[in-house]
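Thanks for coming, everyone. Please have a look at the structure on the screen, and I will then talk through a few places in it.

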Amino acid sequence: MAKIRVTKKFHFEMGHALHNYDGLCRNIHGHTYNMEVTLLGEIREEKGHPKDGMVIDFGKLKKLVKDKIVNVYDHSLVVSRIYADKNQEHLLKATERLIVHDFQPTSENMCVYFAGVIQQELPEDVSLYSIRLYETATSYAEWFAEDNK
């Protein structure tokens, strides 16, 4: 049976600050993120089944990524635990949507983190092939399953 890749695009706004960074990104700032999630699987061949001819229903993929990533991170401020510990009082006054991670919230690290979130939620017969996370129109980080075995 043929393996097919299917991709869905997502969009969200997110702020972050990079602790101890040696440039302007050490300051709180935001980006318009675009993310492409690509899954790999075999096409369902079950005549009469509502999902016949699909690797996965795009609606199911949309719900998964929106519920677990987009709705959580959209219009949130994401910082590392070190940054949060040093600025907690100010951060809590500045936003109601604060997310603190144990890692620096770079596009690279967020891409790896999002891959883990998505992989936990996929059906057994479908796998995450790649994620491309655009921080700007010309800059992105990419995660590929084959690179992370």
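H75 sits in the loop between α1 (58–73) and β3 (76–80), where helices (H or I, at least four residues) and strands (E, at least two) are DSSP runs numbered from the N terminus. This is a predicted model, in which local features need pLDDT of at least 70 and side-chain atom pairs count only at pLDDT 80 or more, while totals for chains, interfaces and linings use all residues. Residues are numbered from 1 along each chain as its sequence is written, and side-chain values use heavy atoms, with hydrogens and water left out.

Although H75 is not a glycine, it has a positive phi of about 60°. H75 is exposed, because its relative accessible area is 55%, and here buried means under 20% relative accessible area, exposed over 50%, and partly exposed in between (1.4 Å probe, protein chains only).

Now to N20, which lies in the loop between β1 (3–16) and β2 (29–42). N20 is not a glycine either, and its phi is positive, at about 65°. Is N20 buried or exposed? N20 counts as exposed, because its relative accessibility is 70%.

Let me finish with a pair of strands. Strand β5 (residues 126–136) and strand β6 (residues 139–144) pair in the antiparallel sense over six bridges, and two strands are said to pair if DSSP finds at least two bridges between them. β5 and β6 form a hairpin, with two residues between them, and the bridge partner of L133 is A141 in β6.
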